Structures are given as structure tokens and as C-alpha cells.
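Take a look at the model below.

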Amino acid sequence: MEAREKKKFTSSKMFDFVKSLMVLVILIVLFAILSEPFRTVNNIINIALSVAIYGVLACGVSFVLISGGADISIGSTVGLTGVWLGLMIQSGMGAVPAILLTMAAGAFLGALNGLMANPHTTFQKTGLGKWQR
């Protein structure tokens, strides 16, 4: 088994991050100047609610990325657990138990995907096709 080479943090990576952050800030300022509705509190709340799921998913998948892999089955897992949540709520189950069961199912499927993945491959795609059938 070959040893992984440690990736070094360089100032160019930090500079790339700062450039991306500056572009984001410039775009926000530009849209705030050009569009009055963009500056409203309701718009900021709507944007925050729209990107919240991606923030949660990014926190979870960051562990896989830090370890050197990439999990491309996350979308299928989210889709499947979303359908389960809808079916549980539609059947009359309360929202809190349905959400807790959905979170447990998502954690179980994520662990199952991790266990089924081949350790010699970079991409963890085992659940991608399995949950779509």
C-alpha cells in the first residue's frame, strides 16, 4: 500500500479563495445597487432558506473530501430520504418523528454507502445506482 503524499497549503490556494470571496462580495454589492428588491430582508431570508440544504450537505461531504474521496451518491440519498419523508408525513405521521426517522435513514444509507465502497477507488458511487431503481 503506497503512502499518500501530504498536500501542502500554499499561498496561491489562499489567494484563489480570497479572489472567489471578493467576486462574491462585488456581485452582492452590485446587485444591491442595481436592484432595490435585492436589498430587502425577505430576499435575504429567501436566499438563506434556499441554500441551507446545500450548506448542510457540504458539511457532511467535507469529511469524505478531507479523507481524499468524493461521494457522488449524496444526491440519490437525499432524493430517497426526501421521498420517505413525504410518504411518512402523507401517511399521517407527525412532522418531528418523520424528520427524526428520515435523518436516521439518511445516516444509515450514508454509512452503508461508505461500507460498500471499494477503498481503492476515489469515487463512492455505490449507492448512486442502487437508490435510483
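Ala, Val, Leu, Ile, Met, Phe, Trp, Tyr, Cys and Pro count here as nonpolar, Asp, Glu, Lys and Arg as charged, and the others, Gly among them, as polar. Keep in mind that this is a predicted model.

Start with the largest pocket. It holds about 720 Å³ of space. Its lining is made of 20 residues. Nearest the centre of the pocket lie Val56, Leu57, Val78, Thr81 and Gly106. Helix H2 (41–66), H3 and H4 are the elements that give two or more residues to this lining. H4 gives the most, with seven residues. What is the make-up of the lining by class? Twelve residues are nonpolar, seven are polar and one is charged.

Now turn to two of those helices. Two packed helices are described by the angle between their axes and the distance between the axes. The axes of H3 (residues 74–90) and H4 (residues 95–116) come within 9 Å. They cross at roughly 155°. H3 is therefore roughly antiparallel to H4, as the angle is over 145 degrees. The crossing of H3 past H4 is right-handed.

Which residues meet at this contact? H3 brings Thr77, Leu80, Thr81, Trp84, Leu85, Met88 and Ile89. H4 answers with Ala98, Ile99, Leu101, Thr102, Ala105, Gly106, Leu109 and Asn113. By class, the contact has ten nonpolar, five polar and no charged residues.

Two names link the two views. Thr81 and Gly106 belong to the contact of H3 with H4, and both are among the residues nearest the centre of the largest pocket.

Key. Residues numbered from 1 in each chain as written. Predicted model: local features only at pLDDT ≥ 70, side-chain atom pairs only at ≥ 80, totals over all residues. Heavy atoms only, no water. Axes fitted to C-alpha atoms, helices over the stretch in contact; angles between N-to-C directions. Helix = DSSP H or I, 4+ residues; strand = E, 2+ residues; numbered from the N terminus. Parallel < 35°, antiparallel > 145°, perpendicular 65-115°, else oblique. Left-handed = near helix turned anticlockwise from the far one by under 90°. Contact = heavy atoms within 4.5 Å. 1 Å grid on protein atoms, 1.4 Å probe; cavity = no way out; pocket = protein on both sides within 12 Å on 5 of 7 lines; lining within 4 Å. Points joined across faces, edges and corners; volume = space filled by probe spheres on them.
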